[in-house]
Amino acid sequence: MSAATRVYVSGDAAARALGADAVAKGIADRAAAAGRAVQIVRTGSRGLVWAEPLVEVETGGERIAYGPVTARDLDALFAARLLDGGAHAARLGRIESHPWFARQERLTFAFSGYADPLDYDAWRAAGGLAGVENALGMAPAAIVKAVSDSGLRGRGGAAFPTGRKWQTVLDQPAGEKFIVCNADEGDSGTFSDRMLMEGDPFTLLAGMAIAGLAVGATQGYIYLRVEYPHARRVLENAILTARARGLLGERVLGTARRFDIELRLGAGAYICGEETSLLESLEGRRAEIRFRPPLPAIKGLWGQPTVVNNVITLASVPVILARGAAYYRDFGAGDSRGTLPLQLAGNVRRGGLVEKAFGLSLRELIEDFGGGTLSGRPVQAVQIGGPLGAYVTAAQLDTPLTYEGLAGIGAMLGHGGVVVFDDTADMLDMARFAMEFCAHESCGKCTPCRVGSTRATELLARLCAGRATRAELTLLEQLCDTMISGSLCGLGGMAPFPVRSILRGFPDAVARRLA
Amino acid sequence: MSAPASTTASADPIDAAIAEHRRRRGPLLPLLHAVQDRVGCISDEAVARIADALNLSRAEVHGVVSFYDHFRRTPGGRHRVGLCRAEACQAVGARALEAEATRQLGVGIGGTTPDGAFTLQGLYCLGNCAAGPSLMIDEELYGRVDGARLAELLAQWRSRP
């Protein structure tokens, strides 16, 4: 009797949202009816969201991909001998050879999408543990130095050098310290944290353990947004498995070092992505931001020195410890080192996760990877870095996606989300929405943000309705200045960025709408 | 670990949640989640009992509950329909979908249908930004949703308990 044919079906939330569960069941049912033994493995996503639900069939020693596959396509696919890699319009061939994937450099997402994300042995066999194993043999200062030398900067949005943050925590007197993983990925257009947590949770746990070894923390928390129930289930299981297998617990990999992790859920507040709000929320309060100083690295969770890093930042640490700082640093250039997982979203034909060394231009991302807009209409604007990020115009598409390149045009990379809009989008209404969102999510602690965002929303609503005067536009500009210089955190301090970028980038639209 | 709570304590879901979480560090959010997951909302009575158990004032507990969009003080429909209203979904028709959802359900954002089946909610990003417009019903995510697909989904979910 021949061995069962292995069939990989993405189990990522994005794939399931497009019907992957029905596809997996449909394949199992048809194979059973045909008397063919199959083993269905639910994996994380390879990041080709445009090809989800993605199915890979192991045949002749290769994994042959098909996508997008819906349950309705299965009869035709079985007729085309899907289980033997047969020809069909949806056949993509080997993912590693497909141009969309082959042009990427997967470091942080090296393991995501290959195996069952909760298969610890598969993760370990692929080299997942190497970073932690190396870190256990190093002095704390040496671990911090490796992270510093790698050039890794916070991938959550603020781009603060990770090594410097860790050094500050390491420099605090020994005592209770914490590692907090910011998994409150609230920026529109971003899903890399979710994809990583669902596709390769052990790498995140390993990154947190390395951070704990580096700074002398024995307890970690993952603060996960409640909008990610699928990621929650994966993480809950991954933490239990990691404890059972000795990656977490009283004796990390059998050594005398302790590190454990607890998962905590947010409750639908965007502001919790700001690190001091997140700490307030973890402690059980309204998530109002804290004054700085003191920095969380000095007085963080429950007043103790705390590393707060985003999911992708922490998940990038294991490869640095496994392959060395130089290996990671040599991807990218200048002040933008390593790889960046970009998320291509919105009105785009082939959206998904593109991890590549820094330096790709916006045009290459949107045209070469994305294939242009989903609607087939011209690109009008691209918002980069979430709801507080600037909108760039079609004339600025040759800008390189680096920290320096985007700063040069008054934009920012943020968490790497790239949202494409075609020429039907009402840009002035997007400006109004940006302020409305700030007003909705403001924690209320400081006046420039709390009151400023509401007044600015009113002015922008008048502009959209064709009732605003030139004088009111000046007032809006002044209000933006006040918010930028007077707000306590990035929410009020940056909400004017998308608004200003639209007022400046689309002057004709503004002029047409003035009263 | 502590011994299991007594039969009377565990019979009441709020008491059970309190017993389970009160000794954790930073217990309030996990406790509020537990209460809402088991009872459907965080009632005045729950606020009072949680405040008492954690040595907080009712105002403090209410302040936290009302800060977070996910928590609710009164029961909603059997299922929560959360529409993504963020930019990436707007770029592919989220506003039209929202108009369609309010039309099909006959309620606005925040409203509950008269049959008690659905509460409609606006959310900001479900992390499905390359395959929008997106919505979530309870904990199930759906992508590339148009009016026809929405009607199908509502019909499926309306009959579920």
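**Briefing: a predicted two-chain model**

The C-alpha centres of domain 1 and domain 3 of chain A sit 29 Å apart, with domain bounds coming from an automatic or database domain assignment. This is a predicted model, where local features need pLDDT of at least 70, side-chain atom pairs count only at pLDDT 80 or more, and totals for chains, interfaces and linings use all residues. Residues are numbered from 1 along each chain as its sequence is written, while chains are lettered from A and ligands numbered from 1 in the order in which they are written.

**Domains of chain A**

- Chain A splits into domain 1 (5-102), domain 2 (120-329), domain 3 (332-422) and domain 4 (427-513).
- Where domain 1 of chain A meets domain 3 of chain A, the contact takes 5 residues from domain 1 and 6 residues from domain 3; two residues are in contact if their C-beta atoms, placed from the backbone, lie within 7 Å.
- On the side of domain 1 of chain A that touches domain 3 of chain A, the tally is 4 nonpolar, 1 polar and no charged.
- For that tally, Ala, Val, Leu, Ile, Met, Phe, Trp, Tyr, Cys and Pro count as nonpolar, Asp, Glu, Lys and Arg as charged, and the others, Gly among them, as polar.

**The open sheet in chain A**

- Chain A has an open sheet of 4 strands in the order 8-7-6-9, with parallel pairing; two strands pair if DSSP finds at least two bridges between them.
- Strand 8 (260-265) and strand 9 (306-310) of chain A are at the edges with a single partner strand each, so one side of each has no neighbour in the sheet.
- Going from one strand to the next, the twist averages 20 degrees.
- Helices (H or I, at least four residues) and strands (E, at least two) are DSSP runs, numbered from the N terminus.
- Strand 7 (residues 219-224) of chain A is joined to strand 8 of chain A by 6 bridges, and A:Leu224 has A:Leu265 as its bridge partner in strand 8.
- Helix 10 (residues 201-215) of chain A lies across strand 6 (178-183), strand 7, strand 8 and strand 9 of chain A, and runs at about 150 degrees to strand 6.
- As for angles, axes are lines fitted to C-alpha atoms, for helices over the stretch in contact, and the angles run from 0 to 180 degrees between N-to-C directions.

**Where chain B meets chain A**

- The contact takes 33 residues from chain B and 48 residues from chain A.
- On the chain B side, helix 3 (28-39), helix 5 (58-67), helix 6 (87-90) and strand 4 (140-142) of chain B each give two or more residues.
- Helix 3 of chain B provides the largest share of that side, with 4 residues.
- The side of chain B that touches chain A divides into 21 nonpolar, 8 polar and 4 charged residues.

- Most residues other than glycine have a negative phi, and most peptide bonds are trans.
- The peptide bond from A:Glu52 to A:Pro53 is cis, with omega near -5 degrees, and A:Pro53 is in the loop between strand 2 (38-43) and strand 3 (55-59) of chain A.
- A:Arg292 and A:Pro293 are also joined by a cis peptide bond, with omega about -5 degrees.
- B:Asp138 isn't a glycine, yet has a positive phi of about 50 degrees; B:Asp138 sits in the loop between strand 3 (135-137) and strand 4 of chain B.

**Confidence**

- The predictor gives the complex an ipTM of 0.96 and a pTM of 0.97.
- Chain B averages a pLDDT of 94, and 94% of the residues score at least 70; pLDDT is the predictor's confidence in each residue, from 0 to 100.
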